[in-house]
Amino acid sequence: MTELELIASGFGIVEGPTIDDHGGLYFSDVSKGGVYRLSPDGSIDAVVPKRKGVGGVCLHADGGIVVTGRDISHVKD
C-alpha cells in the first residue's frame, strides 16, 4: 500500500493543483476561498485571497495565473 504524507491542512475543499517551474504547488480552496502557493520549503502564501468557487488554476505563459469559477480571470502581480 502507498503511504500518504499530509502536506497542508485547515482548508475546505481543495481543487486545481498546479506546479510551477520552481516546485511551488498552487491550489484553490473552493469553499473557504483563496488561491494559495505551497513553496518547496513548506510555507504557504495566499496569491489570490478570498476568491471563492475557484475550481481550476493554471499558470499563464505571460506570467500570473488563470483561475476559473463564476468567470475566468487572469491574475497578475
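**A tour of salt bridges and aromatic pairs**

A search of the whole structure finds two salt bridges, a salt bridge being a side-chain nitrogen of Lys or Arg within 4 Å of a carboxyl oxygen of Asp or Glu. This is a predicted model, in which local features need pLDDT of at least 70 and side-chain atom pairs count only at pLDDT 80 or more, while totals for chains, interfaces and linings use all residues. Residues are numbered from 1 along each chain as its sequence is written, and side-chain values use heavy atoms, with hydrogens and water left out.

**First stop: the salt bridges**

Select Asp 20 and Arg 37; the closest N and O atoms of this salt bridge are 3.1 Å apart. Asp 20 belongs to the loop between β1 and β2 and Arg 37 to strand β3, so the pair ties together parts that are 17 residues apart in sequence. Strands here are DSSP runs of E with at least two residues, and helices are runs of H or I with at least four, numbered from the N terminus. Both Asp 20 and Arg 37 are buried, a term for under 20% relative accessible area, with exposed meaning over 50% and partly exposed in between (1.4 Å probe, protein chains only).

Next, select Asp 71 and Arg 51, whose side chains meet in a salt bridge at 2.6 Å, N to O. Because Asp 71 lies in the loop between β6 (65–67) and β7 (73–75) and Arg 51 in the loop between β4 (44–48) and β5 (57–59), the pair ties together parts that are 20 residues apart in sequence. Asp 71 counts as partly exposed, at 40% relative accessibility.

**Second stop: the aromatic rings**

The structure holds three aromatic pairs. Rings of Phe, Tyr and Trp (its six-membered ring) pair if their centres lie within 6.5 Å; planes under 30 degrees apart count as stacked, over 60 as edge-to-face and the rest as tilted.

Select Phe 11 and Phe 27 to see an edge-to-face pair, 5.1 Å centre to centre with 90° between the planes. This pair links distant parts of the chain, 16 residues apart: Phe 11 sits in the segment before β1 (14–19) and Phe 27 in strand β2 (residues 25–29). Phe 11 is partly exposed at 24% relative accessibility, whereas Phe 27 is buried at 5%.

Tyr 36 lies in strand β3 (residues 35–38), 25 residues apart from Phe 11. Tyr 36 counts as buried, at 17% relative accessibility.

Finally, display Phe 11, Phe 27 and Tyr 36 together, as they form one aromatic cluster.
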